[in-house]
Amino acid sequence: DRLGAEAAGDPLVPFHWDIDAASRWAIAHGETDLAHDLATGVGAFHHLVGTVTPGRERIDEALALPGGDPARRIQAMRWQIALLLCELRLPAAAAAIARAGELIDGHGGRRERTELRAFEAQLALCQGDLDAAARANDGVYEEALRHGERLTAAYGAWTRGMVERMRGNPGAAVEHFAAACELAAALPEAAAAAGREHEAAAACTQTLATAPERPLGERSTFLLHEAALAAARCGDLERAGELAGAALTGARRDPVSIGPWHAPAARGDV
């Protein structure tokens with residue numbers, strides 16, 4: 001697995017309309033295995049660009065088909081859970097995790113179980129239960145990294161960072177977010193909280209540069225908010241104003257409900 005700008009959906013960008021059309025055809029014709037494969041691709045693409053709901057809806061349609069190869073169904077469920085968490089549809093995410101757990105118990109392996117634990121930790125984090133998040137996440141980073149599963153390892157490191165930050169330990173959070181590498185949208189906030197302003201600004205710059213032409217939905221609006229704050233704290237108010245304005249532009253096409261508040265917050269903070 002690769003991270004950030006080279007995430008799982010990246011190779012699909014030139015072909016996503018074709019994959020979308022093929023996915024619709026497979027679902028309409030009851031081709032379960034093909035529908036699962038193509039919906040997984042559609043979901044990966046929409047997760048990458050931030051337009052999460054269309055990807056999740058397509059996976060829902062594919063998973064409603066009966067039968068099929070359990071391994072293909074597990075892969076589709078993997079992206080369904082990830083997209084539901086992005087939408088903050090927590091009861092639906094919990095139900096999807098439970099369904100995936102039942103299927104993985106019979107047809108999955110170590111990799112699928114480790115990843116499911118990472119999702120369970122993220123769900124607990126979204127629910128505000130830091131202790132449950134830490135328990136579910138225990139060992140995820142090490143286990144995934146040991147077997148070369150970098151994306152799952154990054155989720156594990158990110159979750160550790162969020163737990164530490166929410167417990168009031170921004171210095172420890174910085175180290176975990178740094179380990180998460182390209183999942184750097186959280187690093188600037190923690191670095192700033194630790195008083196490492198220039199490190200926060202550099203992390204924002206690096207992350208924004210990974211995909212300057214790609215719409216990233218709420219992740220872009222959030223990142224622009226953090227970048228504006230980082231620039232302001234470093235004394236560059238002109239740059240901060242430009243970034244806050246960009247956050248406002250991004251929020252107007254933001255497909256996720258939690259994103260738009262970042263734009264007025266950025267302007268107010270600057």
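Why are arginine 58 and glutamate 61 separated by about one helical turn? They sit 3 residues apart in helix H3, and that spacing is why. An α-helix has 3.6 residues a turn, so residues three or four places apart point the same way.

This is a predicted model, in which local features need pLDDT of at least 70 and side-chain atom pairs count only at pLDDT 80 or more, while totals for chains, interfaces and linings use all residues. Residues are numbered from 1 along each chain as its sequence is written, and side-chain values use heavy atoms, with hydrogens and water left out.

## Overview

The protein has 15 helices and 0 strands. Both are DSSP runs, numbered from the N terminus: helices are H or I with at least four residues, strands are E with at least two. Of the 270 residues, 49% are buried. Buried means under 20% relative accessible area, exposed means over 50%, and partly exposed lies in between (1.4 Å probe, protein chains only). Among contacts (heavy atoms within 4.5 Å) between residues at least 6 apart in sequence, 58% join residues at least 24 apart.

## A salt-bridge network

Side chains of opposite charge can pair when their charged atoms come close. A salt bridge is a side-chain nitrogen of Lys or Arg within 4 Å of a carboxyl oxygen of Asp or Glu. The count comes to 14 salt bridges. Asp20, Arg24, Arg58 and Glu61 are linked in a network of them. The table lists its pairs.

| Pair | Closest N to O distance |
|---|---|
| Aspartate 20 – arginine 24 | 3.3 Å |
| Arginine 58 – glutamate 61 | 3.4 Å |

Aspartate 20 and arginine 24 are 4 residues apart in helix H1 (residues 16–28), so about one helical turn separates them.

Which members are buried? Aspartate 20 is, at 16% relative accessibility. Arginine 58 is buried too, at 6%. Glutamate 61 is partly exposed, with a relative accessible area of 40%.

## Helix H4 and the cysteines

Helix H4 (residues 70–86) has 17 residues. Its first and last C-alpha atoms are 24 Å apart, close to the 24 Å expected at 1.5 Å a residue. That expected span is 1.5 Å times one less than the number of residues. H4 is mostly covered, with 13 of its 17 residues buried. Leucine 88 follows H4 and has a positive phi, near 60°.

The whole structure holds 0 disulfides, pairs of cysteine sulfur atoms within 2.5 Å. The sulfur of cysteine 86 is 9.0 Å from the closest cysteine sulfur, in cysteine 126, which is too far for a bond. Cysteine 126 is partly exposed, at 37% relative accessibility.

## An aromatic pair and an exposed proline

The structure holds 1 aromatic pair. Rings of Phe, Tyr and Trp (its six-membered ring) pair if their centres lie within 6.5 Å; planes under 30 degrees apart count as stacked, over 60 as edge-to-face and the rest as tilted. Phenylalanine 119 and tyrosine 155 form a tilted pair, 6.5 Å centre to centre with 45° between the planes. Phenylalanine 119 is in helix H6 (residues 110–126) and tyrosine 155 in helix H9 (residues 150–166), 36 residues apart. Both residues are buried.

Proline 91 lies in helix H5 (residues 90–107). Proline 91 counts as exposed, at 69% relative accessibility.
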